[in-house]
Amino acid sequence: MDQLTNPQLWAIIGPVVALQLLLMIIALVACVRAEETRGPRWMWVLIIIFGNLIGSILFFIFGRKGMS
């Protein structure tokens, strides 16, 4: 089995990390700008920051209130 070299590994991981950071920034801005959230705002900020990619997605699915 071939092993990945360092540039190949970064070519795979880099876009995922970039997407995660972009989504986290967008989710944090949306959380701060939201008039109401489901649950305390500080809880969603912690979920977004420490939940990585899943935390941001969870905020957009469950955290926003009155967006349906």
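## Close-up views of a predicted model

**View 1. Ser 56 and the residues around it.** Leaving aside residues up to four places away in sequence, Ser 56 touches Leu 23, Met 24, Ala 27 and Ile 48. The structure shown here and in the views that follow is a predicted model. Ser 56 is found in helix H3, which runs over residues 52–63. With a relative accessible area of 1%, Ser 56 is buried, because the term applies under 20%.

**View 2. The packing of helices H1 and H3.** Two packed helices are described by the angle between their axes and by the distance between those axes. For H1 and H3 the angle is about 35 degrees, and the axes lie 9 Å apart, while the crossing of H1 and H3 is left-handed. On the side of H1 the contact is made by Gln 20, Leu 23, Met 24, Ile 26, Ala 27, Ala 30 and Cys 31, and on the side of H3 by Asn 52, Leu 53, Ser 56, Ile 57, Phe 59 and Phe 60.

View 3. Although Asn 52 is not a glycine, it has a positive phi of about 55 degrees. At 40% relative accessibility, Asn 52 counts as partly exposed, and it is also one of the residues touched by Ile 47.

**View 4. Ile 47 in helix H2.** Ile 47 lies in helix H2, the helix of residues 41–50, and at 28% relative accessibility it counts as partly exposed. When residues up to four places away in sequence are not counted, Ile 47 touches Asn 52 and Gly 55. Ile 47 and Ile 57 are 10 residues apart along the chain, and their C-alpha atoms are separated by 10.0 Å.

**View 5. The salt bridge between Lys 65 and Glu 36.** Side chains of opposite charge can pair when their charged atoms come close. The structure holds 1 salt bridge, in which the side chains of Lys 65 and Glu 36 meet at 3.6 Å, taken from N to O. This pair links distant parts of the chain, with Lys 65 in the segment after H3 and Glu 36 in the loop between H1 and H2, 29 residues apart. Lys 65 is partly exposed, with a relative accessible area of 43%, and Glu 36, at 48% relative accessibility, likewise counts as partly exposed.

**View 6. Phe 62 and its contacts.** Phe 62 is found in helix H3 and is partly exposed, with a relative accessible area of 49%. Residues up to four places away in sequence being left out, Phe 62 touches Arg 38 and Trp 44. Phe 62 and Trp 44 are 18 residues apart in sequence, and the distance between them in space is 9.9 Å from C-alpha to C-alpha.

**View 7. A nonpolar patch on the surface.** Leu 4, Leu 9, Trp 10, Ile 12, Ile 13, Val 17 and Leu 21 form a nonpolar patch on the surface, and together they have about 650 Å² of accessible area. Leu 9, one of the residues of this patch, has its place in helix H1, which covers residues 6–33. With a relative accessible area of 37%, Leu 9 is partly exposed.

View 8. Pro 40 is partly exposed, with a relative accessible area of 36%. Between Pro 40 and Gln 8, which are 32 residues apart along the chain, the C-alpha atoms are separated by 41 Å.

Methods
Residues numbered from 1 in each chain as written. Predicted model: local features only at pLDDT ≥ 70, side-chain atom pairs only at ≥ 80, totals over all residues. Heavy atoms only, no water. Helix = DSSP H or I, 4+ residues; strand = E, 2+ residues; numbered from the N terminus. Buried < 20%, exposed > 50% of the residue type's maximum accessible area, 1.4 Å probe, protein only. Contact = heavy atoms within 4.5 Å. Patch = residues over 30% accessible without salt bridge, like charges linked within 9 Å, V, L, I, M, F, W, Y side chains within 5 Å. Areas by Shrake-Rupley, 256 points an atom, 1.4 Å probe, with all protein chains shown as cover. Salt bridge = Lys/Arg side-chain N within 4 Å of Asp/Glu carboxyl O. Axes fitted to C-alpha atoms, helices over the stretch in contact; angles between N-to-C directions. Left-handed = near helix turned anticlockwise from the far one by under 90°.
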